[in-house]
Amino acid sequence: MQRALSVSRMTGNRSTFPDWYQAIVREADMAEVSPVRGSMIIKPWGYGVWERIQQVMDRRIKEMGVDNAYFPLFIPLSFFAKEAEHVEGFAKEMAVVTHHRLKSIDGKLQPDPEAKLEEPLIVRPTSETIIGDAFSRWVKSYRDLPLKINQWANVVRWEMRTRLFLRTSEFLWQEGHTAHASGEEALASTLEALEMYRAFSESVLAMPVIAGEKPENERFPGAANTFSIEAMMQDGKALQAGTSHYLGTSFAHAQNIRYQSDSGEMEFCHTSSWGVSTRLIGGVIMTHGDDDGLRLPPAIAPRQIVVVPMLRGKEEDAAVLAFAKALVKDLNAQFALGEPIRALLDDRDQKSADKRWNWVRRGAPVIIELGPRDAAGGQVSYMRRDVLRDGDKVKSHQAPRDEFVANAPALLAQIQQALYDEAKARLEANIRTDLTAFDQVAEYFGQVSDEDEETAAFKGWVRAPWSRPTGEALEAVVERLKALKLTLRNAPTDQPATFGPCVFTGQPGVEEILIGRAY
RNA sequence: CGGAGUGUGGCUCAGUCUGGUAGAGCACCGCGUUCGGGACGCGGGGGUCGCAGGUUCAAAUCCUGCCACUCCGACCA
């Protein structure tokens with residue numbers, strides 16, 4: 001028996017994990033590289049996952065009292081110049097539009113020198129500036145606050161190195177932007193978004209994360225505080241899966257977002273911004289994929305239950321098809337995880353064995369195979385994608401048809417939970433909290449390079465107290481970590497009451513910080 | 001942009017050292033036999049061998065330049 005995935009995942013094996021990831025993206029029909037450097041084509045199955053993310057998250061964003069709007073793709077260059085840190089942070093990766101017309105010169109189509117823009121336009125890398133500009137006109141009085149806007153959009157950041165879903169030059173995301181009268185309120189809004197992301201990631205993506213505050217060196221350009229959710233991939237690396245920023249009044253100052261308070265004073269707003277992107281899909285792949293392909297949590301699977309009829313070009317086919325159609329209809333009338341079930345009858349003219357494995361690779365949570373025996377006996381045979389095999393053997397379950405339909409919501413909920421539990425157990429088992437000195441951290445992570453790559457042990461993260469140094473002291477810490485390919489991930493929101501000495505300096509610790517390799 | 005590697009049908013690769021009619025497996029199309037665990041037989045379609053020059057009677061193969069991709073580093077959601 002040959003598996004479609006020629007590349008085998010070996011957890012913790014750094015040399016094959018990237019190959020395994022790419023194999024899944026391809027075999028699961030998620031996306032492909034496009035002719036455009038650094039940009040991908042998101043295929044229907046991959047885009048279907050993104051649509052699921054949009055649908056579920058959009059509802060939660062609106063529950064936060066945030067409305068959707070849309071702002072321009074092009075941002076005047078001068079807008080970026082207003083916030084020094086911000087422009088410095090993004091300057092190196094901006095796509096710039098300089099002309100508005102092409103002309104054939106010497107037989108070559110090129111930008112018409114006569115059609116140069118007076119002011120270059122930036123293809124948005126993020127929209128703080130253009131939205132801030134609108135906010136400055138929209139906000140007059142304290143009665144206009146808080147102002148909470150979200151947009152679903154594409155953004156462009158000219159990246160050196162790209163990886164499908166994880167980092168592409170153009171990517172899809174949502175960006176929330178809020179303006180408030182007080183810093184406390186803006187910070188609360190920042191943390192509310194962070195909590196929304198944490199809950200979404202865990203309950204919808206079945207991807208456990210650790211929410212916390214980014215250290216100073218990892219802050220969003222121009223932000224006062226940056227918070228993130230960090231997920232652990234199956235190679236032990238951390239993936240920053242979402243960020244939320246408290247921007248203080250720096251953008252309000254830069255863009256003159258002011259309001260008149262109830263006492264008549266002109267005050268600067270406090271703003272926040274927060275976002276998640278198509279990177280989440282990369283996280284889902286690296287969290288739930290296995291050697292047979294992708295495994296999708298039912299909440300984001302474009303199709304949760306796929307029925308593959310076993311057709312043989314004989315007269316019994318009619319009964320099987322009729323049985324399958326009625327089954328899909330009844331399943332779609334059911335609700336699971338708070339939404340109508342998404343079941344599909346795959347009646348494509350292909351060998352049923354091929355179709356079955358096609359859905360296995362794509363990660364459909366439940367795959368039903370219906371043959372004449374099932375149709376005659378009024379039963380269904382199905383596979384759970386989360387526990388596909390028993391040893392090397394594919395595990396098939398049987399149930400009476402009506403019972404299966406009635407239990408489908410529970411089954412999907414169970415699969416959702418099982419995927420989460422599995423990932424949660426891996427996360428918890430791989431955060432070391434017993435390393436109290438930098439030497440121990442260095443030894444723990446440093447061992448990887450000394451070992452044979454094929455047998456290198458899985459390394460997760462270290463959680464240890466530190467003294468939260470700033471400025472040059474922080475830079476020194478970052479440099480020491482960099483030598484080990486390590487980064488500071490975040491200081492988890494959930495902190496103990498007392499702390500041991502700082503793992504880097506031995507000084508009194510003030511909080512615990514997560515350390516790990518990262519994407 | 002630095003280091004390493006790779007570019008040959010849709011996918012995975014052999015062939016390159018030693019120049020001599022472009023190959024295999026999978027996928028695809030047709031026919032037949034099969035189908036409840038990634039079937040088999042026979043027949044077929046599909047590649048200007050990453051691009052551009054050069055050497056040669058002859059280039060996937062040798063030389064020069066360029067490009068793309070992958071991995072590592074710098075940058076980052």
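How much area is buried between domain 1 and domain 3, and what share of it do carbon and sulfur atoms give? The area buried between domain 1 and domain 3 is about 1,500 Å², with 58% given by carbon and sulfur atoms. Buried area here is the accessible area (1.4 Å probe) that two parts lose on being put together, summed over both.

## Ground rules

This is a predicted model, in which local features need pLDDT of at least 70 and side-chain atom pairs count only at pLDDT 80 or more, while totals for chains, interfaces and linings use all residues. Residues are numbered from 1 along each chain as its sequence is written, chains are lettered from A and ligands numbered from 1 in the order in which they are written, and side-chain values use heavy atoms, with hydrogens and water left out.

## Domains

The domain assignment of chain A gives domain 1 (28-95 + 123-288), domain 2 (305-427) and domain 3 (431-516); such bounds come from an automatic or database domain assignment. Taken over C-alpha atoms, the centres of domain 1 and domain 3 are separated by 27 Å. Their contact (heavy atoms within 4.5 Å) takes 21 residues from domain 1 and 20 residues from domain 3.

## Around the RNA

A residue is near the strand if one of its heavy atoms lies within 4 Å of it. There are 40 residues around RNA strand B, and Arg167, Gln240, Arg361, Glu369 and Asp374 come nearest. The residues of this surface divide into ten nonpolar, ten polar and 20 charged. In that count Ala, Val, Leu, Ile, Met, Phe, Trp, Tyr, Cys and Pro are nonpolar, Asp, Glu, Lys and Arg are charged, and the others, Gly among them, are polar.

A backbone N or O atom of Thr168 is 2.6 Å from a base nitrogen of RNA strand B. The side chain of Ser277 has an N or O atom 3.0 Å from a base nitrogen of RNA strand B, and a backbone N or O atom of Gly371 is 3.2 Å from a base oxygen of RNA strand B. The elements giving two or more residues to the surface near RNA strand B are α1 (17-27), β13 (238-246), α10 (352-362) and α11 (372-377), and α10 gives the most, with four residues. Helices (H or I, at least four residues) and strands (E, at least two) are DSSP runs, numbered from the N terminus.

## A covered helix

Is helix α8 mostly covered or mostly open? Helix α8 (residues 279-288) is mostly covered, with ten of its ten residues buried. Buried means under 20% relative accessible area, exposed over 50%, and partly exposed in between (1.4 Å probe, protein chains only). Among the buried residues of α8 are Arg279, Thr287 and His288.

Most residues other than glycine have a negative phi, and most peptide bonds are trans. A cis peptide bond joins Leu145 and Pro146, with omega about -5 degrees; Pro146 sits in the loop between α5 (128-138) and β9 (147-156).

Ala206 is not a glycine, yet has a positive phi of about 55 degrees. Its place is in the loop between α6 (183-203) and β11 (209-213), and Ala206 counts as buried because its relative accessibility is 0%. Leu337 also has a positive phi of about 55 degrees without being a glycine. Leu337 is in the loop between β18 (335-336) and β19 (339-340), and counts as partly exposed because its relative accessibility is 39%.

## Two residues up close

Gln304 is in the loop between α8 and β17 (305-309) and, at 1% relative accessibility, counts as buried. Leaving aside neighbours within four places in sequence, its contacts include Pro298, Leu337 and Leu412. A polar atom of the Gln304 side chain lies 3.0 Å from the backbone oxygen of Pro298.

Thr98 lies in strand β5 (residues 95-99) and counts as partly exposed, at 31% relative accessibility. Thr98 and Leu121 are 23 residues apart in sequence and 6.6 Å apart in space, C-alpha to C-alpha. The side chains of Thr98 and His99 make a polar contact (2.8 Å).

Definitions and conventions:
A polar contact is a pair of N or O atoms within 3.5 Å; within protein, one must be able to donate a hydrogen and the other to accept it, and residues adjacent in sequence count only if both atoms are side-chain atoms.
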